[in-house]
Amino acid sequence: QVQLVESGGGLVQAGGSLRLSCAASGRTFSSYAMGWFRQAPGKEREFVGAINWSGSSTAYADSVKGRFTISRDNAKNTVYLQINSLKPEDTAVYYCAARSGPLVKVTTYEYAYWGQGTQLTVSS
């Protein structure tokens with residue numbers, strides 16, 4: 001298994017930008033597809049974006065397309081989520097997740113390993 005630790009959350013004004021990071025342990029990181037999910041207050045956890053093992057393929061939720069960019073650096077065992085043009089509706093706890101397979105998946109049940117989450121709060 002792998003351990004995941006998110007960082008980079010905080011309080012930011014609407015319209016700003018932020019980059020979240022997820023550091024992964026283990027030597028098999030490069031073989032795992034990675035996903036980002038978020039959970040807003042009172043709502044279910046939802047898919048945000050995912051990236052395949054090599055970074056050549058990505059997928060995004062419709063709500064974040066054009067503003068969010070997922071990337072990875074396998075040499076650093078790290079996956080990133082760049083968030084631009086922040087909106088108050090982006091306020092949530094953001095989680096990174098790993099699945100023991102190389103392909104992009106968009107549902108929570110495909111991911112076996114989860115980080116503890118990092119809080120992003122977007123103010124008006």
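Strands β3 and β8 (residues 78-83) pair in the antiparallel sense over six bridges. Strands here are DSSP E runs of at least two residues, numbered from the N terminus. Two strands count as paired if DSSP finds at least two bridges between them. Within this pairing, L20 stands opposite L81 in β8.

The model is predicted: local features need pLDDT of at least 70, side-chain atom pairs count only at pLDDT 80 or more, and totals for chains, interfaces and linings use all residues. Residues are numbered from 1 along each chain as its sequence is written, and side-chain values use heavy atoms, with hydrogens and water left out.

The β3-β8 pair belongs to an open, antiparallel sheet of four strands, ordered β1-β3-β8-β7. Its edge strands, β1 and β7, each pair on one side only.

| Edge strand | Residues |
|---|---|
| β1 | 4-7 |
| β7 | 68-73 |

A search of the whole structure finds one disulfide (cysteine sulfur atoms within 2.5 Å). It joins C22 to C96, S to S 1.9 Å. The link of C22 and C96 is right-handed, with 55° about the S-S bond. C22 lies in strand β3 (residues 18-24) and C96 in strand β9, so the pair ties together parts 74 residues apart in sequence.

Leaving out residues up to four places away in sequence, V93 touches F37, R38, Q39, G117, T118 and Q119 (heavy atoms within 4.5 Å). The C-alpha atoms of V93 and L20 are separated by 11 Å.
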